[in-house]
Amino acid sequence: MAVDKTPVLKRCRSLDLDPTFLGYDKKSKRTLVRRSRKLSEYGTQLREKQKAKFIYGVLEKPFRNYYEKADRMKGMTGDNLMVMLESRLDNVVFRMGFARTRREARQVVDHKHILVNGKCINIPSYQVSAGDVIEVKEKSKTMQRFKDIAAVTAGRLTPEWVDVDKENFKGTVSTLPKRDQIDVPVNEMQIVELYSK
């Protein structure tokens, strides 16, 4: 399985992205010295795509598949793409506060700690539907790891499209998110323009 092992803060600097969108509290002390050359139209479109891929931890081929699926769906392609990325299981686990970072959320799902509607699902890209109940396994709740996660994520705001019981590590996806409920700094129209060339 291919894994992106780029240092997070370095990549955030190069994409001009705030690490808090990935769940990291620390900021890079280094500053990126940019040449004053203006980005071309293609360059800005490519940067938006790279941002979306990096935030959600998706590689090129699956991202392309998401785009093609979003293009076939009714409605705006860009909005559909963002909703599909946002409703990935690893992202929903991060949003509910069952992991400190998006990468940790992916690992928590991979290591079979998460139940969806009572079934163990270990596929981070699993598409969550409205009404799905997501919880941490009973055996895993007593682990020190989840106690630490609860302490760190206690003050984190959860989006309005999920209902979470943080004490019991259980949550419900009340509805699928709409584009205006997704607080990710990505201009999805640029991605659509890039792929539709």
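Trainee: Which residues lie nearest the centre of the second largest pocket?

Mentor: In this predicted model, Thr20, Phe94, Arg95, Arg156 and Leu157 lie nearest its centre, and they belong to a lining of 18 residues. The pocket's volume is about 320 Å³. Helix 5 (89-95) and helix 8 (144-153) each supply at least two of the lining residues.

Trainee: How does the lining of that pocket divide into nonpolar, polar and charged residues?

Mentor: Happy to sort them: 7 are nonpolar, 5 are polar and 6 are charged.

Trainee: What makes Lys51 and Glu48 a salt bridge?

Mentor: The cut-off is a Lys or Arg side-chain nitrogen within 4 Å of a carboxyl oxygen of Asp or Glu. Lys51 and Glu48 have an N to O distance of 3.6 Å, so the pair meets that cut-off. Both residues sit in helix 2 (residues 41-56), 3 residues apart, which separates them by about one helical turn.

Trainee: Why is Lys51 called buried?

Mentor: Buried means under 20% relative accessible area. Lys51 has 11%, so Lys51 is buried. Glu48, at 12%, counts as buried too.

Trainee: And why does Glu60 count as partly exposed?

Mentor: Partly exposed is the class between the buried limit of 20% and the exposed limit of 50%. Glu60 has 32% relative accessibility, so Glu60 counts as partly exposed. Lys49 is buried, with a relative accessible area of 9%.

Trainee: How do you know that Glu60 and Lys49 form a salt bridge?

Mentor: Their closest N and O atoms are 2.8 Å apart, and the limit is 4 Å, so the pair qualifies. This pair links distant parts of the chain, with Glu60 in helix 3 (residues 60-72) and Lys49 in helix 2, 11 residues apart.

Trainee: What about Glu104 and Arg145?

Mentor: Their closest N and O atoms are 3.6 Å apart, again a salt bridge. Glu104 is in helix 6 and Arg145 in helix 8, 41 residues apart. Glu104 counts as buried, at 11% relative accessibility. Elsewhere, salt bridges with shared partners join Lys49, Lys53 and Glu60 into one network. The whole structure has 12 salt bridges.

Trainee: Why is Arg102 said to have no salt bridge?

Mentor: The nearest side chain of opposite charge, Glu86, is 5.0 Å away. Arg102 lies in helix 6 (residues 102-110). Its contacts beyond four places in sequence include Phe21, Tyr56, Phe94 and Arg95.

Technical notes. Residues numbered from 1 in each chain as written. Predicted model: local features only at pLDDT ≥ 70, side-chain atom pairs only at ≥ 80, totals over all residues. Heavy atoms only, no water. 1 Å grid on protein atoms, 1.4 Å probe; cavity = no way out; pocket = protein on both sides within 12 Å on 5 of 7 lines; lining within 4 Å. Points joined across faces, edges and corners; volume = space filled by probe spheres on them. Helix = DSSP H or I, 4+ residues; strand = E, 2+ residues; numbered from the N terminus. Nonpolar A, V, L, I, M, F, W, Y, C, P; charged D, E, K, R; others polar. Buried < 20%, exposed > 50% of the residue type's maximum accessible area, 1.4 Å probe, protein only. Lys, Arg positive; Asp, Glu negative; His and termini not counted. Contact = heavy atoms within 4.5 Å.
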